[in-house]
Amino acid sequence: MKRRPTQPRSRQGRVRETAARLAEEFPDAECALNFLNPWELLAATILSAQCTDERVNKVTPALFARLPTPEDFAMAPLEEIEELIRSTGFYRNKAKSLQGAATRITELHKGEVPDTMKELVQLPGVGRKTANVLLHVAFNKPGIAVDTHVTRLSNRIGFLTQETKDAVKIEYELNDLISAREIGDFGMRLILFGRRTCKARSPLCDECVLNDYCSCAFTFTKGTTPQEAAGKRRSARATRKAQ
Ligand code: SF4
């Protein structure tokens, strides 16, 4: 049965409706990084900073073939790690983070990546964003990685009590608005949606499935007046109601 179209007004309503519509758009909200175990996901996520997932996926097979375990990373000469990851950019800092995280995991966690936020953020190079990726993708626990896409969309669509770029505030507010069971997939879908449709500079509002209630819909074209944008939103609502 087709869902009844709705134009939610409350923040929670917007989050819920967005989660439902994006679940239809992206049924498989999978992580684009290739990995075989939590350590490989952690290393790949560290490498993905300022780098595309495609590039990371090209680098990791040779990296993990040469250094399969955290202990191998902890023991390897730093220059060797740098050379293996050079093409992902910022390779000196990333190599230090990989070796630092690997050393702590080897010394304090018996070679296993920990599965709590508290322990994950104590690993060198691991902030809440990376920790949330691990919690959701590797350990199937609640966690939303608030990256640039989630930040932008949360502000544009109207999920927040006030505009902010503070990732921790956004994470906490979203956690209050959607169930723990759904939050991880919701975050993954927001990232996909931000990459493909709600792009930073030129969002594709005409073809967006949220354009009937998004606070910013149709406001990005140069010269568009607020009245014209509101008119386009009304027309998008009428189209959705008629479907
Ligand atoms: S309507 Fe436009 S600004 Fe709003 S979510 Fe869709 S693409 Fe982004």
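Predicted model: local features only at pLDDT ≥ 70, side-chain atom pairs only at ≥ 80, totals over all residues.
The protein chain is assigned three domains: domain 1 (11–28 + 144–196), domain 2 (38–138) and domain 3 (205–242). The centres of domain 1 and domain 2, taken over C-alpha atoms, are separated by 26 Å. Eight residues of domain 1 and five residues of domain 2 make the contact. On the domain 1 side, helix 10 gives the most, with three residues. By class, that side has five nonpolar residues, one polar residue and two charged residues.

Helix 10 (residues 167–177) also packs with helix 9 (residues 148–157); their axes come within 11 Å. The two axes cross at roughly 65°. The crossing of helix 9 with helix 10 is left-handed. Helix 9 contributes Val150, Thr151 and Ser154 to the contact. Helix 10 contributes Ala167, Ile170 and Leu174. Four of the residues in this contact are nonpolar and two are polar. No charged residue takes part in the contact of helix 9 with helix 10, whereas the side of domain 1 that touches domain 2 has two.

The ligand is surrounded by 13 residues. The closest are Cys198, Cys205, Cys208, Cys214 and Ala217. By class, the shell around the ligand has 10 nonpolar residues. Two polar residues and one charged residue complete the shell.

How values were computed: Residues numbered from 1 in each chain as written. Near = placed C-beta within 6 Å. Nonpolar A, V, L, I, M, F, W, Y, C, P; charged D, E, K, R; others polar. Axes fitted to C-alpha atoms, helices over the stretch in contact; angles between N-to-C directions. Helix = DSSP H or I, 4+ residues; strand = E, 2+ residues; numbered from the N terminus. Left-handed = near helix turned anticlockwise from the far one by under 90°. Contact = placed C-beta atoms within 7 Å. Domains from an automatic or database assignment.
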